[in-house]
Amino acid sequence: QVQLVESGGGLVQAGGSLRLSCVASGIIFSINIMGWYRQAPGKQRELVARITGGGSTNYADSVKGRFTISRVNAKNTVYLQMNSLKPEDTAVYYCGRYPHMGDWGQGTQVTVSS
């Protein structure tokens with residue numbers, strides 16, 4: 001049974017930073033491409049960033065240069081460092097495999113005030 005537990009969200013002013021964490025279980029973590037996704041109110045869920053088991057990364061244009069995805073395979077954990085946050089980054093953030101397999105955690109709310 002796949003379990004994904006996200007944490008680290010919160011309320012922050014524009015220009016601030018947050019670091020999200022996600023601990024995965026029930027999968028062979030090191031061989032999976034992991035991603036961070038987000039869903040804003042009234043919008044579809046979108047992929048924000050992804051990282052291969054070896055550490056290669058890819059970002060959505062909207063977050064490039066501001067967000068950094070990383071992972072520690074020994075801890076089954078993937079991180080998302082978010083800097084220079086903007087109000088449009090407000091969303092529920094989820095981690096998951098890429099391509100997505102339909103497993104979602106509870107997500108973590110990120111709210112950026114202007």
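Author: Let's begin with a word we need throughout: strands (E, at least two residues) and helices (H or I, at least four) are DSSP runs, numbered from the N terminus. This is a predicted model, where local features need pLDDT of at least 70 and side-chain atom pairs count only at pLDDT 80 or more, while totals for chains, interfaces and linings use all residues. Residues are numbered from 1 along each chain as its sequence is written, and side-chain values use heavy atoms, with hydrogens and water left out.

With that in hand, look at Gly105, which sits in the loop between S9 and strand S10 (108-113). Its relative accessible area is 18%, so Gly105 is buried (buried means under 20% relative accessible area, exposed over 50%, partly exposed in between, with a 1.4 Å probe and protein chains only). Leaving aside residues up to four places away in sequence, Gly105 touches Leu4, Glu6 and Tyr94, where contact means heavy atoms within 4.5 Å. Glu6 is 99 residues from Gly105 in sequence, yet their C-alpha atoms are 6.8 Å apart in space.

Six strands make an open sheet in the order S2-S10-S9-S4-S5-S6, with mixed pairing; two strands pair if DSSP finds at least two bridges between them. Strand S2 (10-13) and S6 are the edges, each with a single partner, so one side of each has no neighbour in the sheet. From one strand to the next, the twist averages 25° (axes are lines fitted to C-alpha atoms, for helices over the stretch in contact, and angles run from 0 to 180 degrees between N-to-C directions). As a general point, strands of a sheet pair through backbone hydrogen bonds, either parallel or antiparallel. Here S4 and S9 run antiparallel and are joined by six bridges, and Arg38 stands opposite Tyr93 in S9.

Cys22 and Cys95 form it, with their sulfur atoms 1.8 Å apart, inside the cut-off for a disulfide, a pair of cysteine sulfur atoms within 2.5 Å. Cys22 belongs to strand S3 (residues 18-25) and Cys95 to strand S9 (residues 91-97), so the pair ties together parts that are 73 residues apart in sequence. Both Cys22 and Cys95 are buried, and the count comes to one disulfide.

Next come the charged side chains. A salt bridge is a side-chain nitrogen of Lys or Arg within 4 Å of a carboxyl oxygen of Asp or Glu, and the model has five of them. One joins Arg38 and Asp89, 2.9 Å from N to O. That pair links distant parts of the chain, with Arg38 in strand S4 (residues 34-39) and Asp89 in the loop between strand S8 (77-82) and S9, 51 residues apart. Asp89 also has a salt bridge with Arg66, with 2.7 Å between the closest N and O atoms. Arg66 is in the loop between strand S6 (57-59) and strand S7 (67-72), so this pair ties together parts that are 23 residues apart in sequence. Through shared partners, salt bridges join Arg38, Glu46, Arg66 and Asp89 into one network.

How buried are these partners? Arg66 has a relative accessible area of 10% and is buried, and Asp89 is buried too, at 1%. Arg38 is likewise buried.
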